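I am opening my notebook on a new structure.

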Amino acid sequence: MALLAVGAIVVGGGGFVIGSQLMPPGGGEPRRTASPTASPSPSERATVPPLAKAWADRPSVDLRYDIARDHESAKGVATASFTPDKRVCDALIFRSWPNKPEIADHGGSMTVHRATVDGRKVTPAYERKGAPAATQGTLLRLPLRDCVAAGSTVEARISFTVEMARRSGERVGTNGTGEMWLASAYPVLAWERGHGWMTQPAVDVFGEMDGTEEFRLELDVVAPRGDTVLGMGRPLGTSNGPREGTTRHRFAADPVRNVAVGIGGYRVTTREIAGVRTRVGVSDDGSLATANDWLDKIELELGRLEGRFGRFPYRDLWVTVIPDTTGIEFPGAIFYGDYSAQEVRGGDLVAHELAHMWFYGLVGNDQGRDPWLDESFATYAQALADDQAFLYRQPMDVPSFAANRVGEPMTYWERNPDTYGAGVYRQGAQMLFEARQRAGEQRWDAAMRAYLADNAHRIVRPEDFVDAVDHLPGAVETLRRYGAVE
């Protein structure tokens, strides 16, 4: 995710984009972003090992949205079929991320109305877990009558309503003129294979808190007739909706670990890029850059990233351009802010969010517990692809609160959120570049590709990355010195 900062935008590359200029990590004069023509050779790309297989027993999620005519809310029904790999007793746990402070403070929320477990009506229990008191909270428990054995399947069905936020720059919002976007806007099953439930509190920081295993998705969106719907995965067509004046839009995606949708007056332009069906939706009311400006930059950066990290993890990419944000990533979908053509072409935002398709999408992490495992890596990956490693060889001015605290959870950064970008994005990328230099670039790059392949379709923890690089000289010592691992 790109991060909003005072007077600038943190978008990867280790610096701040002001207009189309990159501010170096250590300060000083602005630099134009590099536009390298060199990329890894075909033989280097061919060394990417085969990816680990997706979890065979991954959950299935059937998600239905019914969009209000005024685009201010959506009714939803989510049915999750879950086969845990460990015995589960007491309750199934879901997260209600639209109730996190940054969304709720701007009028957004999610309210659960009814729930069943294996067809039996249950009374949900709610915990605030960082949410404002006016909401149901960010943690939802559905009580179990009996324990669910490992390898057995349980089904939960939850009815809910999502209210859109205004001008929050977050993942649930509306512009008030007929367009809306919603992501993580359903009860998210909070399971981590081999470990159990993820229950960390939400924090009042602009950024992700999400964490969930991959799942099979069937998505239906009932929207006012004439609306465009940017969904997830493969579009399966449209049909008449259940009420006059509505259309049903159907999609399927597998595997994914989140859901993002844009609805309303969008113009969509489609381009096949290296086998990826890429769709960009911009507002009918006008946007600062055209869809083709975005597609040209995506085509450039996707090729560079594939050269470093292997094939793009998804066959479909959906991009929605929305106001008030910088950039937010989801598996096979991205929300980008409404930037000028010059900012799109010259900035780092596109590459940063595309890099998240490998670091968060393919290899997942608990973003509340270990934010560096996607943000430091996405910033590093963007800079590597754009030949900007030189920016991280300079001295970096990191606030004392953030210095050598790369591995801290989001609850730490809530105490001083203005330092989050410097501490995790910039310092984290500097750490990875230093480790790469100490280990030897070729050996480090091979280890990184092996890390992605071995941990594909999983949620990783810091020790998984240590296992991937502990054979390289100086690598783990560097991670420890920056506070990423103990």
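I note that C147 is partly exposed, with a relative accessible area of 35%. I looked up C89 as well. C89 is partly exposed too, at 27%. I keep in mind that this is a predicted model.

**Entry: the disulfide**

How many disulfides does the count come to? I get one disulfide. A disulfide is a covalent bond between the sulfur atoms of two cysteines. Here C89 is joined to C147, with S to S at 1.8 Å. Which parts of the chain does the pair link? I find C89 in the loop between β7 (73-82) and β8 (91-95). C147 sits in the loop between β12 (139-143) and β13 (154-163). The two are 58 residues apart, so I log this as a link between distant parts of the chain. The torsion about the S-S bond of C89 and C147 is about 115°, so I write down a right-handed disulfide.

**Entry: the sheet**

Next I traced an open sheet of five strands. Its order is β25-β26-β27-β29-β28, and the pairing is mixed. Which strands stand at the edges? They are β25 (266-273) and β28 (327-330). Each has a single partner strand, so one side of each is left without a neighbour in the sheet. Neighbouring strands of this sheet are turned by 15° against each other on average, direction ignored.

I then checked β25 and β26 (residues 276-283). They pair in the antiparallel sense over eight bridges. R271 stands opposite T278 in β26.

**Entry: the helix**

What packs on the sheet? I find helix α3 (residues 291-309) there. Helix α3 touches β25, β26, β27 (316-322) and β29 (333-337). The direction of α3 makes about 30° with that of β25.

Technical notes: Residues numbered from 1 in each chain as written. Predicted model: local features only at pLDDT ≥ 70, side-chain atom pairs only at ≥ 80, totals over all residues. Heavy atoms only, no water. Disulfide = S-S within 2.5 Å. Helix = DSSP H or I, 4+ residues; strand = E, 2+ residues; numbered from the N terminus. Buried < 20%, exposed > 50% of the residue type's maximum accessible area, 1.4 Å probe, protein only. Pairing = 2+ DSSP bridges. Axes fitted to C-alpha atoms, helices over the stretch in contact; angles between N-to-C directions. Contact = heavy atoms within 4.5 Å.
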